[in-house]
Each structure stands twice: as C-alpha cells, then as structure tokens.
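This report describes a protein model for a reader who is new to such descriptions. Please view the sequence and the structure below before reading on.

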Amino acid sequence: MSGLDLVTDGFPHGTPEGYQQGCKGGGACAGKETGMTCTQANTLYQSDYEYRKLVDAGSTPGQIRSHYAEKLIREKAVRDAARAAEKPQKVKKVRKPARNPRQPQKTRLKTGHGSYTMGHRYCKVHEECPNFGTDLPTCREAVRDYQREWSTGRRARAKAKREAGLIS
Ligand SMILES: [Zn+2]
Ligand SMILES: [Zn+2]
C-alpha cells in the first residue's frame, strides 16, 4: 500500500515527513530530482538546526532549497569580499622592508652595533662604527672582546680537562 502512496503527486518527497510516511529506501525517492531524498532530509532534520527550523515553519522543499541557495550565494559574497580585502594588505606587506634600513643605526639590540654579530658580519672598521667615540663599545671591540673571552674560556676548559686527567 505504501508503495502506491510513494508515487502519488501529493507525497512529500524530499522531506523528513516523507521519510516518516514510509519513503526510507532512497532509491525510488522522487526527492532525488529535487536534490534531496526523504532519507537525506530526515538525517539533515536530525542534525541541522537551521533545516529543522525551516521544516517546522512549514517550508516546502523548494523554499528550503532556495533558502540554502541564497545562503550559499551570500556566503560566497562574504568570502569574495574577505578575499578582496586581503589582497591589498599583501601588497602593503611587500612594501614593509622600508623599515629595515632604520634598524642598524643606534640600537643596542644584540644585532645592533657594539655586538659580535654586527662586527663579525658587517661593521668591521673601528672608526666607521656609530659607537666610535661614544661610551659604547664599537663592533670591532665587541668582536675582540668576544674572541678574548672565547680563547680565555678555551684555555680554561683545556686546563680543567688537563687537571681532570683527560688529556696530558
Ligand atoms: Zn521520498
Ligand atoms: Zn658597528
């Protein structure tokens, strides 16, 4: 009996109601043509609050489809807008290196003047270091101090090893 009912024009295919009224196979469901079988509609009804609200409000599958279609279009518009807003920022980021030339000036950061890194890599002439003539050590001095400390440390380590009897 339900087999006949399933093919009548009035049967609510593509809705949870259709599922409850006996259209549970999916294969023969006319809802397939409208994008959703009764089984799928029933599953969605259990899991999707928004869909459940629409069904409970008496929306037809067609109305629900257009609701979701509009929603997809809106979401796509939001995504496109977000993407469009992102692009100019990326261009700005490329311009940023203008900040770098400021950095090596009078900073006392580790990579600034008066450090081993700076003296070892870039600032090798004592008199050309911005710290020259100030109380701060120049890069050249920083390198010299570093090397002195290092060799002092090496001698100390060697001495400790000798005393520990590791080397003669
Ligand atoms: Zn159906
Ligand atoms: Zn320097």
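## Report on the predicted model

Thr-34 counts as partly exposed because it has 17 C-beta neighbours inside 10 Å. By definition, a residue is buried if 20 or more other C-beta atoms lie within 10 Å of its own, exposed if 12 or fewer, and partly exposed in between, with C-beta atoms placed from the backbone. Thr-34 is found in the loop that lies between helix H2 (16-20) and helix H3 (38-47). Beyond its neighbours within four places in sequence, Thr-34 is in contact with Gly-14, Pro-61 and Arg-65; a contact requires the C-beta atoms of two residues, placed from the backbone, to lie within 7 Å. Arg-65 is 31 residues from Thr-34 along the chain, and their C-alpha atoms are separated by 8.4 Å.

This is a predicted model, in which local features need pLDDT of at least 70 and side-chain atom pairs count only at pLDDT 80 or more, while totals for chains, interfaces and linings use all residues. Residues are numbered from 1 along each chain as its sequence is written, and chains are lettered from A and ligands numbered from 1 in the order in which they are written.

The protein has 7 helices and 0 strands; helices (H or I, at least four residues) and strands (E, at least two) are DSSP runs, numbered from the N terminus. Of the 168 residues in the protein, 18% are buried.

Helix H7 (residues 139-163) has 25 residues and should span 36 Å at 1.5 Å a residue, which agrees with the 36 Å between its end C-alpha atoms. The expected span is 1.5 Å times one less than the number of residues. Cys-139, Arg-140, Ala-142 and Val-143 of H7 are buried, and the buried residues of H7 pack against helix H6 (116-121).

The predictor's confidence in each residue, from 0 to 100, is called pLDDT. The table gives mean values.

| Item | Mean pLDDT |
|---|---|
| Protein | 81 |
| Helix H1 (residues 2-5), lowest among the elements | 50 |
| Helix H4 (residues 49-56), highest among the elements | 94 |

Over residues 106-110, pLDDT stays under 50. Where pLDDT is low, the predicted coordinates should not be read in detail.
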